[in-house]
Structure formats: C-alpha cells, structure tokens
Amino acid sequence: MSYKKLIKAATDAKRYSYSPYSKFRVGAALLTNSGRIYTGCNIENSSFGLTICAERTALFKAISEGRKNFKALAISTDSKDYISPCGACRQVMMDLVGNIDVVLTKGNREHKILKLYDLLPHAFTPKNLTRN
Ligand code: THU
C-alpha cells in the first residue's frame with residue numbers, strides 16, 4: 001500500500017516541533033486500521049531529559065483517544081539520512097502497536113518500510129510480566 005498521505009502528514013507535523021535546543025525537527029504520523037491519522041512532533045524541555053519524541057507524542061494522542069489497532073507509523077526529519085525511532089520509542093511502541101510498518105523518510109522523496117519487530121529484536125514485552 002502507498003503511504004504517501006501518511007508521509008505528508010508526518011512532514012506537516014514537523015512544523016509544530018518545539019526543538020529550540022537540538023534544532024532537530026521531527027514529525028510523526030500514526031495510521032490506525034480504520035484509516036485515521038494521529039500526528040505528533042518532538043517537544044523539548046529546558047530540563048533536557050523531559051523531552052518527548054514525535055513518535056510517542058503521536059502514539060499517546062491516539063491511545064488517549066481510545067485507538068487500539070494500528071497499521072503504520074511514518075517519521076519525517078530534516079536530515080539527509082534516514083532517521084529511525086530511538087530505543088525508548090521502539091520499546092513504548094512494542095507494547096502498544098504490534099508489528100506495524102515503520103516508514104522512514106529521507107528528504108521529500110525517498111522512503112523505506114521496516115517492521116517494528118525488526119527494529120527491536122528480542123524485545124521485553126507485556127507477556128514477560130506474567131508469572132508462572
Ligand atoms: N527525536 C524524536 O522526536 N524522534 C526520534 O526518533 C529521535 C529523536 C527528537 C528528540 C529531540 O527533541 C531531538 O529529536 C534530538 O534528539
């Protein structure tokens with residue numbers, strides 16, 4: 001399937017990035033199974049560790065509005081390279097979204113699609129919390 005619209009949504013979401021410290025703008029767009037798109041941007045803080053990434057902003061917006069089933073997440077930055085989600089976002093997504101397509105972009109034209117499970121092999125998951 002084409003993720004053109006999703007990539008455009010991620011690119012547009014970058015415009016709201018609050019990144020005065022890193023100057024690294026990130027936009028994300030999360031597609032639900034029913035075709036809705038939730039967007040997010042990175043939001044930094046003067047206490048640097050409190051920064052939230054674009055991916056988690058989008059995901060928490062969707063979860064907090066009752067969405068549970070997801071198909072894909074696209075990420076857009078201003079970098080010349082493909083940028084993939086940080087480790088913290090991979091872990092958070094692992095618990096909440098299943099093995100979705102992660103759409104990485106480079107510039108305005110190029111993209112590639114990876115699977116979340118390939119981005120975080122041997123993951124710790126909610127299943128690991130069950131006691132036998
Ligand atoms: N950032 C994201 O929003 N997503 C990523 O996948 C990587 C990093 C943000 C966090 C911070 O605001 C800036 O990019 C530089 O690390």
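Let's start with Ser-19: at 9% relative accessibility, Ser-19 counts as buried. Keep in mind that the model you're looking at is a predicted one. You'll find Ser-19 in the loop between H1 and S1. Leaving aside residues up to four places away in sequence, Ser-19 touches Phe-24, Arg-25, Asn-42 and Glu-44.

Now stay in that loop and look at Lys-23, which also sits between H1 and strand S1 (26–32). Lys-23 is exposed, with a relative accessible area of 63%. There's something about its backbone too: phi of Lys-23 is near 55°, a positive value in a residue other than glycine.

To find His-122, go to the segment after helix H4 (116–119). With a relative accessible area of 84%, His-122 is exposed.

**Salt bridges**

How many salt bridges does a search of the whole structure find? It finds six.

| Pair | N to O distance |
|---|---|
| Lys-8 and Asp-12 | 2.8 Å |
| Asp-12 and Arg-15 | 3.9 Å |
| Asp-101 and Lys-115 | 2.9 Å |

Asp-12 turns up in two of these rows, paired with Lys-8 and with Arg-15. Put together, Lys-8, Asp-12 and Arg-15 are linked in a network of salt bridges. Lys-8 and Asp-12 both belong to helix H1 (residues 4–13), where they lie four residues apart, about one turn of the helix.

What about the side chains of Asp-101 and Lys-115? They meet in a salt bridge at 2.9 Å, N to O. This pair links distant parts of the chain: Asp-101 is in strand S4 (residues 101–106) and Lys-115 is in strand S5 (residues 110–115), 14 residues apart. Is Asp-101 buried or exposed? Asp-101 is buried, with a relative accessible area of 14%. Lys-115, on the other hand, is partly exposed, and its relative accessible area is 35%.

**Two helices side by side**

Finally, turn to a pair of helices. Two packed helices are described by the angle between their axes and by the distance between those axes. Here the pair is helix H2 (residues 54–64) and helix H3 (residues 87–97), which pack at an angle of about 25° with their axes 10 Å apart. Angles under 35 degrees count as roughly parallel, so H2 and H3 are roughly parallel to each other. As for the hand of the crossing, H2 passes H3 in a left-handed one.

Which residues make the contact? From H2 come Glu-55, Arg-56, Leu-59, Phe-60 and Ile-63. H3 brings Ala-88, Cys-89, Val-92, Met-93, Leu-96 and Val-97. Sorted by class, the contact of H2 with H3 has nine nonpolar residues, two charged ones and no polar ones.

How values were computed. Residues numbered from 1 in each chain as written. Predicted model: local features only at pLDDT ≥ 70, side-chain atom pairs only at ≥ 80, totals over all residues. Heavy atoms only, no water. Axes fitted to C-alpha atoms, helices over the stretch in contact; angles between N-to-C directions. Helix = DSSP H or I, 4+ residues; strand = E, 2+ residues; numbered from the N terminus. Parallel < 35°, antiparallel > 145°, perpendicular 65-115°, else oblique. Left-handed = near helix turned anticlockwise from the far one by under 90°. Contact = heavy atoms within 4.5 Å. Nonpolar A, V, L, I, M, F, W, Y, C, P; charged D, E, K, R; others polar. Salt bridge = Lys/Arg side-chain N within 4 Å of Asp/Glu carboxyl O. Buried < 20%, exposed > 50% of the residue type's maximum accessible area, 1.4 Å probe, protein only.
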